[in-house]
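Me: I would like to understand how the labels used for a structure follow from their definitions. Could we go through some of them one by one?
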Amino acid sequence: MSPVVELIEGIAAGQEPAFHALVLQEGPALLRFVRTLTPSQEAAEDALQEALVDILRGARGYRGGDARSWMFRVARNAAYRSHRRRSGQPERFEPLAELGARAGWGEESPYEKLGAAERRACLGR
């Protein structure tokens, strides 16, 4: 078993020293990685902090495999979420049909409405 897996299992068991060890051992590499995905050092540090919280919360959900790859995926996702927040994009994307239904467009999707409008235009109505 790799040392990182042991630390993640320790975190999942609620061992605070395991989390501190993980931060000291893997934090610098994670920071370098998220720095390549973010526009500034400050944004990278924010994304790293978010990633570490996600790792702490998600340790029980770790299902095996390459532990470092799992941590880097968590960090990548945190960096992307951070970027969306900073750019004003929604954190969660909703299908256009759902937004249309909430806006009162009815059950017909915007794509169906567009198709109907194009057919009417072709028929001269």
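Me: In which helix is Tyr111 found, and why is Tyr111 called buried or exposed?

Reply: Tyr111 is found in helix H6 (residues 110-123), where a helix is a DSSP run of H or I with at least four residues, numbered from the N terminus. The model is a predicted one, in which local features need pLDDT of at least 70, side-chain atom pairs count only at pLDDT 80 or more, and totals for chains, interfaces and linings use all residues. Residues are numbered from 1 along each chain as its sequence is written, and side-chain values use heavy atoms, with hydrogens and water left out. Exposed means over 50% relative accessible area, buried under 20%, and partly exposed in between (1.4 Å probe, protein chains only); Tyr111 has 60%, and is therefore exposed.

Me: What makes Glu50 count as buried or exposed?

Reply: Glu50, found in helix H3, has a relative accessibility of 17%, which is under the 20% limit, so Glu50 counts as buried. Leaving aside neighbours within four places in sequence, Glu50 is in contact (heavy atoms within 4.5 Å) with Ala78, Arg81, Ser82 and Arg85.

Me: What covers the buried residues of H3?

Reply: The cover includes helix H2 (16-35) and helix H4 (67-87), and among the buried residues of H3 are Ala47, Leu48 and Ile55.

Conventions: Helix = DSSP H or I, 4+ residues; strand = E, 2+ residues; numbered from the N terminus.
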